[in-house]
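Here's a quick briefing to read alongside the model. Have the sequence and the 3D view open as you go.

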Amino acid sequence: MNAPTTLQHLLQADDSSPRLREIPYNYTSFSDREIVIRLLGNRAWDLLNQLRDERRTGRSARMLYEVLGDIWVVQRNPYLQDDLLDNPGRRKQLVEALQHRLGEVQKRRTPEADTLRDGLVGELLVLAGHAVKLFDQTFTAMAQLRRKTQKGLGKHTAKDNIKFDALSRVSHVTDATDWRVEYPFVVLTPDTEAEMANLVKACFTLGLTIIPRGGGTGYTGGAVPLTWNSAVINTEKLEAMSGVEMLQLPGLDKKVPTLWTEVGVVTQRVADAAERAGWVFAVDPTSAEASCIGGNIAMNAGGKKAVLWGTALDNLASWRMVTPDAQWLEVTRLNHNLGKIHDVEMASFELKYFEANGTTLVREERLDIPGSTFRKEGLGKDVTDKFLAGLPGHSKRRLRRLDHQRALDFAPHARPHAHGLHGVLWQRQRRCAQHCRNQRLHVCRTKTLRRVAGGPRALGRSLFAGSGLHHQVQTRRSPQNGIGGRHCGRQRR
């Protein structure tokens with residue numbers, strides 16, 4: 001299957017076959033067809049295919065492709081864009097060179113030889129001329145929008161947190177998928193959670209598509225900008241977290257150990273904090289050393305232990321997010337069963353909407369979802385309803401609808417951005433007792449940590465699920481099994 005191509009096969013190759021790539025400077029994975037369609041439209045690609053078989057010297061085609069290559073390499077390189085923005089004279093020379101090439105193609109037209117072919121060439125030149133004009137205008141529009149964005153967002157965050165530089169844009173063009181579609185227009189790095197609501201409102205006022213981003217470890221493209229006018233909000237600075245504290249959740253008659261964090265806290269930090277307190281953090285994705293809590297909440301992360309303890313959805317107690325109209329939405333789980341959500345007949349959530357200041361209550365709602373709608377019976381880890389019955393703040397795979405890229409909207413098919421987490425630590429003995437019975441052991445006490453997203457101060461309490469299992473045991477074999485005194489073999493963290 002992987003045998004090398006012989007030299008004889010290469011010599012026998014048909015030299016007349018069209019090249020796969022004729023557009024120069026294209027170091028991307030985009031094909032010539034994709035580039036032509038993006039720059040000139042579908043009609044231009046049809047025209048090029050018709051004219052390809054009628055080439056004589058191919059010089060006009062090469063000059064046209066050079067024009068497209070120059071435009072494309074600038075569009076895909078933010079460093080070149082910054083250079084041309086800072087040097088209007090250099091940009092003017094580039095545009096003049098592009099127009100000169102098109103002018104040379106115009107001179108080579110021969111309408112008297114073939115009227116039909118010449119008409120196709122003329123139509124193609126009109127499309128290319130329009131692309132060059134739009135390319136030139138884009139820089140003027142971008143400079144104006146940058147000034148407008150700097151002024152609008154500068155009212156709500158520090159100037160240094162509004163980043164237009166090439167390095168920031170390149171660093172936020174993709175996530176772990178390595179899928180590159182568009183470079184973001186601006187990258188925002190707010191210092192505090194209090195800035196978030198007004199930043200969201202300002203972005204929507206400016207017509208920017210918001211992309212929330214944490215560690216960028218997702219494999220579903222949830223942090224990949226799909227439009228040029230995207231604003232990536234990097235939440236990695238929001239890294240405050242508490243220690244373990246005992247709290248009584250709504251509907252429960254006893255206190256449970258909890259832990260809250262801001263959205264940008266790295267997952268492993270929470271696991272370490274739980275371990276220091278004698279608990280185990282449940283949700284354990286393989287990206288724990290780099291992923292952030294916000295992403296774990298948004299895509300309902302689980303990890304290898306989720307079959308036993310459930311995913312993030314099963315363990316959240318409360319969380320907060322920002323809506324597109326700059327309101328805070330706080331979601332609180334009622335009567336938490338401290339287990340998998342599909343085990344309850346009805347999962348209830350309290351929704352509270354606050355003004356941008358986070359304290360003025362606007363309205364309250366209650367959301368009741370049958371537990372059986374989340375997972376089919378016997379499905380221990382995954383979820384059946386990928387949109388989780390419209391529960392704000394969650395989706396199975398953190399996907400944006402292409403026709404609605406308001407990433408912070410809380411509509412049933414949008415992807416809101418969770419902010420504070422509060423996790424719950426709790427003791428679980430049932431499965432451990434079953435394990436001890438299987439091993440004919442007497443005593444086995446299990447402690448598991450569950451934690452969730454919650455913000456600073458009074459942000460939220462969530463039960464970010466204990467998928468981890470850590471036995472602290474002093475066990476003995478049963479009398480009929482002989483000598484005792486050994487530890488349970490299931491110790492792990």
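Glu-54 counts as partly exposed, because its relative accessibility is 35%. In this predicted model, the residue forms a salt bridge with Arg-117, with 3.5 Å between the closest N and O atoms. Glu-54 sits in the loop between α3 and α4 while Arg-117 belongs to helix α7, so the pair ties together parts 63 residues apart in sequence. On the Arg-117 side, relative accessibility is 18%, so that residue counts as buried.

- The structure has 17 salt bridges.
- One of them joins the side chains of Arg-52 and Glu-22, at 3.4 Å from N to O. That pair links distant parts of the chain: Arg-52 is in helix α3, and Glu-22, 30 residues away, is in the loop between α1 (7-11) and α2.
- Arg-52 and Glu-22 are both buried, and together with Arg-55 they are linked in a salt-bridge network.
- Glu-104 and Lys-107 pair up too, with 3.3 Å from N to O. They're three residues apart in helix α6 (residues 88-107), which means about one helical turn separates them.
- Glu-104 is partly exposed, at 24% relative accessibility, whereas Lys-107 is exposed, at 65%.

**Gln-81 and its surroundings**
- Look for Gln-81 in helix α5 (residues 78-86); it counts as buried because its relative accessibility is 7%.
- A polar atom of the Gln-81 side chain lies 2.9 Å from the backbone oxygen of Gln-75. The Gln-81 side chain also makes a polar contact with the side chain of Arg-169, at 3.1 Å.
- Leaving aside residues up to four places away in sequence, Gln-81 touches Val-74, Gln-75, Arg-76, Phe-139, Met-142 and Arg-169.

**Helix α2**
- In α2 (residues 32-39), the buried residues include Asp-32, Ile-35, Val-36 and Leu-39. Viewed down the axis, the buried residues of α2 fall within an arc of 95°, so they line one face of the helix.
- An α-helix has 3.6 residues a turn, so residues three or four places apart point the same way.
- The buried residues of α2 pack against α3 (42-52), α4 (59-75) and α7 (115-153).
- After α2 comes Gly-41, which has a positive phi, near 105°.

**The whole protein**
- Of the 493 residues, 52% are buried.
- Among contacts between residues at least 6 apart in sequence, 66% join residues at least 24 apart.
- The protein exposes about 23700 Å², with carbon and sulfur atoms supplying 50% of it.

How values were computed:
Residues numbered from 1 in each chain as written. Predicted model: local features only at pLDDT ≥ 70, side-chain atom pairs only at ≥ 80, totals over all residues. Heavy atoms only, no water. Buried < 20%, exposed > 50% of the residue type's maximum accessible area, 1.4 Å probe, protein only. Contact = heavy atoms within 4.5 Å. Areas by Shrake-Rupley, 256 points an atom, 1.4 Å probe, with all protein chains shown as cover. Helix = DSSP H or I, 4+ residues; strand = E, 2+ residues; numbered from the N terminus. Polar contact = N/O pair within 3.5 Å; in protein donor to acceptor, adjacent residues only side chain to side chain. Arc of directions from axis to C-beta. Salt bridge = Lys/Arg side-chain N within 4 Å of Asp/Glu carboxyl O.
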